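Morning, everyone. Please bring the structure up on your screens, and we'll walk through it together.

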Amino acid sequence: MIVGVQGTSSFDNYQVFLRSMAVALSELLEEDKTFHIYSAGPNNINMMAMEFSNLSEKGMKSRGKSIKFIKVTPQWLEENISEINHFAFLSNPKEPVSKIVHISKLNNINTNVYNF
């Protein structure tokens, strides 16, 4: 499973980020052996995704699955949206969503916007 993640530079609520990852993990099928997080930034979102990946590695491995963090550009995510199974966008209230949110919805990707 591949999860795309992006957010705003002002977003800093790690608990909400964890919730977004829990929702994505709930869609992980038994036969899926990998959980890849493609993070399109900015840096605060990349750091949360990397930390989550590092902290989850041992638990995933015990279940026979692997988790990997991959930093990508927003442009790469736009161009390769068809590879994504789930997309999460994280922001504070009243902040606009990115173009990738609209692209992922148009491509019928399960898209969740977290704006708390």
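One definition before we start. A residue is called buried under 20% relative accessible area, exposed over 50%, and partly exposed in between. Take Trp76 as a test. Its relative accessible area is 28%, so Trp76 is partly exposed. Keep in mind that we are looking at a predicted model.

Let's begin with strand β1. How many of the residues of β1 are buried? The count is 6 of 6, so β1 is mostly covered. Look at the two faces. On one side sit Ile2, Gly4 and Gln6, and they are buried.

Now the neighbours of β1. β1 runs parallel to β2, and 4 bridges join them. One example: Ile2 has His36 in β2 as its bridge partner. How does the chain get from β1 to β2? It passes through α1, and this β-α-β crossover is right-handed. β1 also pairs with β4, again in the parallel sense, over 5 bridges. Here Val3 has His86 of β4 as its bridge partner.

Next, helix α2. It covers residues 43-62, which makes 20 residues. From first C-alpha to last, α2 reaches 29 Å, close to the expected 28 Å. There is a kink, though. α2 bends by about 45 degrees, and the kink is centred on Ser56. Just after α2 comes Gly64, with a positive phi of about 80 degrees.

Which residues of α2 are buried? The list is Asn44, Ile45, Asn46, Met48, Ala49, Phe52, Ser53, Ser56 and Met60. Look at the spacing in that list while I give you a general rule. An α-helix has 3.6 residues a turn, so residues three or four places apart point the same way. And what do the buried residues of α2 pack against? They pack against the strands β1, β2, β3 and β4, and against helix α1.

Ser53 lies in α2. Its relative accessibility is 5%, so Ser53 counts as buried. Leaving out residues up to four places away in sequence, Ser53 touches Ile67, Lys68 and Phe69.

Last topic: the aromatic rings. How many aromatic pairs does a search of the whole structure find? It finds 3. One of them is Phe17 with Phe52. This pair is edge-to-face, with 6.3 Å centre to centre and 75 degrees between the planes. Why does it tie together separate parts of the chain? Phe17 lies in α1 and Phe52 in α2, so the pair connects parts that are 35 residues apart in sequence. Phe17 has 0% relative accessibility, so Phe17 is buried. Phe52 comes in at 9%, so Phe52 counts as buried as well.

Now Tyr38 and Trp76. They form a tilted pair, at 5.2 Å centre to centre and 45 degrees between the planes. This pair links distant parts of the chain too: Tyr38 is in strand β2, Trp76 is in helix α3, and they are 38 residues apart. Tyr38 has 11% relative accessibility, so Tyr38 is buried.

One more group to find on your screens. Tyr14, Phe17 and Phe52 form one aromatic cluster.

Notes:
Residues numbered from 1 in each chain as written. Predicted model: local features only at pLDDT ≥ 70, side-chain atom pairs only at ≥ 80, totals over all residues. Heavy atoms only, no water. Helix = DSSP H or I, 4+ residues; strand = E, 2+ residues; numbered from the N terminus. Expected span 1.5 Å × (residues − 1). Bend = angle between axes of the 7 residues up to and from the residue. Buried < 20%, exposed > 50% of the residue type's maximum accessible area, 1.4 Å probe, protein only. Contact = heavy atoms within 4.5 Å. Phe/Tyr/Trp six-rings, centres within 6.5 Å; stacked < 30°, edge-to-face > 60°. Pairing = 2+ DSSP bridges. Right-handed = clockwise from strand over helix to strand, strands pointing away.
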